[in-house]
Amino acid sequence: MSSESPQSSKPSLDLAKYANLPNQLIVGGAIGLLIGFFAWREQFLYSYLTAFMFFLSLVLGGLFLVLLHHLFDSQWLVPIRRICEHFAGLAPILGVLGLPVILIFAKSIYPWMAIEDPHSDHALHVKYALFNPTAFWVVSIALFVVWTWLANRLRKHSLAQDETGAATHTQAMRKYAAGGIVLFAFTLTLGVIYWMKSLEHQWFSTMYGVYYFAGSVWTTLATMYVLTALLQRTGHLAPVVRDSTFKDIGTLFFAFTVFYAYIHFSQYFLIWNAAIPEETFWYVKRENGIWWYLGMLIIFGHFFVPFLTMLRIDVKKKLTIMAPLAGWAWLMHYVDMTFNIKPVIDPEGHGISLSGMIQSIASMAFIGGFLAKFFLKSFITHAPFPQRDPRIAETMGVYVELESEAQAQTKSAKA
Amino acid sequence: MENAHAYGLLAEFDTPADAMHAAEKVRDAGFTRWDVHTPFPVHGMDEAMGLKNSKVGWFSFCGGATGFTAGYTMIWFMNSFNYPIVVGGKPLMSPMFPFPVVYEMTILLSAFGAIFGMLFLNKLPKLHHPLLKNRRFKAATDDKFYVIIETSDPRYVEEETRELLESAGCKHMEMVGE
C-alpha cells in the first residue's frame with residue numbers, strides 16, 4: 001500500500017476483506033456467461049454488449065475528466081485525477097474483454113452485417129462507406145489503440161511528474177489534452193455509432209454521440225464520488241480531499257444530470273416533431289410492452305429523482321444521500337444502455353426473462369470484476385494522487401509563498 | 001449624547017486575513033447586527049462571519065416551479081381548451097411540444113425569483129445608507145477591508161467593542177453617524 005498517512009481523526013476503513021471480490025466476480029460471471037454462451041446465445045451476446053457499453057462509459061468518462069482537468073487547468077480535480085487516469089488506462093483491458101466477442105460474433109449481433117447484398121438495402125447502401133465489415137473491424141480496433149495511447153501518454157507524464165515535479169510535464173499534458181479532446185469527441189462518437197447505434201442501421205440521430213457521452217460522464221462522476229469517499233476513509237486520499245472536493249464532484253454530477261436530460265429530450269423532441277418514419281420507428285419500438293416503462297424510468301429516474309435530490313447545495317456533501325444516489329445512477333445508466341440495445345432482440349417488450357437477468361448480471365460481474373482487478377492493481381502500485389501537481393497545495397487549502405514574495409519579505413524585514 | 005445618532009463603529013483593516021480574523025472574533029463574541037466590506041470576494045468569509053447558506057435558493061425554486069406549471073397550463077389553455085388548433089397532425093395536448101416553452105418559463109421565473117428574492121432579503125433598493133457618507137469608507141472599493149458593528153446590536157458596548165476590534169489588529173476606527 002502507499003506510504004500516505006491518513007490525517008483525519010476518523011478510524012480508517014479497511015477494505016482488505018474485500019480484496020478477493022474481483023476474483024469472485026470474475027469466476028461467478030464466467031460461469032454464468034459460459035452457461036449463456038451455450039444455452040442462450042442471443043441473450044449472452046446482447047447482455048455482454050450492454051455491459052461492455054456500460055463499462056466503456058466509465059473508461060471514457062475517466063479519460064474525459066483527465067482531459068478536462070488539463071484543458072481548464074483546474075484545481076478541484078487534482079485529488080481524483082490519478083483515479084481518473086487509472087480508469088482511462090483500463091481501455092486496453094476493456095478492449096481485450098469486449099472486442100473479441102463483438103468482432104467474432106458481429107454477424108449475430110448486428111443485423112446489417114447479415115444482409116447478403118448490402119446494396120439491396122437502401123439505408124445500408126448509402127451508409128456503406130462506414131457500415132462494411134472491414135471498416136467495422138479496423139475502426140473498432142483503431143479506437144482502442146487511440147484511447148490506450150492517449151490514456152498512457154497522459155498517465156506517463158503524470159507519473160513522471162510525481163518524481164521530478166517539473167512543470168514541463170504539465171505543459172506536455174496540456175498539449176495532449178488540447179488535441180486529445182478533439183480526438184476524444186470523434187472516437188467516442190464513432191465507437192458508439194458502430195457498437196450501439198448500428199444495431200438499427202436504418203436509424204438517424206445526430207445527437208447519439210453526445211447522448212452517450214452525457215450519460216457516460218454522469219455515471220463516471222457518480223462513481224468518482226463514492227470512490228473518493230471510500231479512499232478518503234481508507235486514508236489514501238485523506239491528505240488532499242476536502243469538503244469542497246465532494247461539493248465540486250457533486251456539482252458536476254448535478255450539471256450532467258441536467259445535460260443528459262437536455263440531450264436525450266432534444267433527440268426525442270426532434271424525432272417526435274418531425275415524425276419521419278425512418279426516425280420514429282426507433283422510439284415507436286421502445287413504446288412496446290416493458291420498454292414503455294423503462295422509458296418512463298429514464299425520464300423520472302435518470303432525471304427528476306437525481307435533479308430534485310441534488311438541488312440543495314448541502315446535499316452534495318452528504319454521503320448518506322449521495323452514495324445511494326450514485327448506486328441509483330449505475331442502475332439508471334444500465335437501464336439506459338438496455339433501453340438502447342435490448343429492444344433489438346425483444347421488439348415487443350415481453351419483459352424480463354430469467355436468461356436475460358442471468359446474462360445481464362453475469363456480464364456486469366465478469367467485465368466489472370476484471371476492470372476492478374486491474375484498477376486496484378494500478379492504484380496500489382502508484383501514488384494515490386498526483387504528488388507534485390502545480391496546484392496540489394491549492395487543492396489542500398494551503399497557501400505556498402512564491403519565491404519572489406519570500407525574498408521581498410526578507411528584504412523589508414532587514415530594512 | 002453623541003452616540004444616540006451613531007450608526008455604528010467602523011474598523012479598518014489592511015489585509016483580507018486581518019479582516020477575516022476580526023470577523024471570526026466578532027462572530028464568536030455573539031454580535032448579530034454587523035457586516036464586513038471588502039473590495040473583492042474573500043473565500044471563507046461566509047464561514048468566518050458565521051453566515052448560513054443564503055435563502056435565495058428557495059425563491060428561485062418557487063419561481064421555477066411556478067414557471068413550470070404556468071408554462072404547461074398556458075399552452076394547454078391556449079392550444080387545446082380555449083382555441084383548439086391542430087398543428088402538423090399532432091395531438092392537441094402532449095407533454096412534448098410545449099416543453100421548450102415550459103423550460104424557458106421555468107428558467108425565466110426562477111431567475112426572477114433569484115433576483116427579486118435577493119433584493120427582498122437584502123432590503124433593497126434602499127435610498128440611503130449611513131456608510132455612503134463616510135469618506136474613509138470609499139477605500140472599501142479599493143484596498144481596505146472594513147468591519148462595521150452597528151450600535152443597535154444588543155451586544156454593543158462602545159468600550160468593549162473598541163477593545164475587541166483593537167485586539168483583532170484594527171489600525172483605524174471611527175464612529176459613523178446616521
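Predicted model: local features only at pLDDT ≥ 70, side-chain atom pairs only at ≥ 80, totals over all residues.

**Entry 1: salt bridges across the interface**

I started at the boundary between the chains and asked how many salt bridges the rule finds across the interface of chain A and chain B. The rule finds 0 there, a salt bridge being a side-chain nitrogen of Lys or Arg within 4 Å of a carboxyl oxygen of Asp or Glu.

**Entry 2: ground rules**

Residues are numbered from 1 along each chain as its sequence is written, chains are lettered from A and ligands numbered from 1 in the order in which they are written, and side-chain values use heavy atoms, with hydrogens and water left out.

**Entry 3: the rest of the interface**

I counted 11 residues of chain A in contact with 11 residues of chain B, contact meaning heavy atoms within 4.5 Å. The two chains bury about 930 Å² between them, and 81% of that is on carbon and sulfur atoms; buried area is the accessible area (1.4 Å probe) that two parts lose on being put together, summed over both.

Helix α10 of chain A (residues 243-274) brings 6 residues, the largest share of the side of chain A that touches chain B. Helices (H or I, at least four residues) and strands (E, at least two) are DSSP runs, numbered from the N terminus. I sorted the residues on that side of chain A into 9 nonpolar, 1 polar and 1 charged. For that sorting, Ala, Val, Leu, Ile, Met, Phe, Trp, Tyr, Cys and Pro count as nonpolar, Asp, Glu, Lys and Arg as charged, and the others, Gly among them, as polar.

**Entry 4: the cores**

Next I looked for nonpolar cores, each a set of buried Ala, Val, Leu, Ile, Met, Phe, Trp, Tyr and Cys residues joined through side-chain atoms within 4.5 Å. Buried means under 20% relative accessible area, exposed over 50%, and partly exposed in between (1.4 Å probe, protein chains only).

The largest core has 124 residues, and those touching the most other members include L49(A), M53(A), Y110(A) and W195(A). Helix α2 of chain A (residues 41-71) gives the most to this core, with 20 residues. Another core, of 23 residues, lies apart from the largest one, with V42(B), F145(B), V147(B) and L165(B) among them.

**Entry 5: a buried histidine**

I stopped at H333(A), in helix α13 of chain A (residues 319-341). Is H333(A) buried or exposed? H333(A) is buried, at a relative accessible area of 0%. Beyond its neighbours within four places in sequence, H333(A) is in contact with F54(A), S57(A), G215(A), S216(A), W218(A) and T219(A).

Most residues other than glycine have a negative phi, and most peptide bonds are trans. With that in mind, I noted a cis peptide bond between L124(B) and P125(B), with omega about -5°. P125(B) sits in the loop between α4 (99-121) and β3 (145-150) of chain B.

A275(A) is not a glycine, yet its phi is positive, about 50°. A275(A) belongs to the loop between α10 and α11 (277-285) of chain A and is partly exposed at 45% relative accessibility. D73(A) also made my list, with a positive phi near 50°; its place is the loop between α2 and α3 (78-88) of chain A.

**Entry 6: salt bridges within the chains**

Over all chains, my search of the whole structure gave 17 salt bridges. D73(A) came up again here, forming one with R391(A), the closest N and O atoms being 2.9 Å apart. R391(A) lies in the loop between α14 (354-381) and α15 (392-395) of chain A, so the pair ties together parts 318 residues apart in sequence. D73(A) is partly exposed at 32%, and R391(A) is partly exposed at 24%.

R82(A) and D162(A) meet in a salt bridge at 2.9 Å, N to O. R82(A) is in helix α3 and D162(A) in helix α7 (residues 133-164) of chain A, 80 residues apart. R82(A) is buried at 0%, and D162(A) is buried at 13%. I also found both in a network of salt bridges with R81(A), E85(A) and D389(A).
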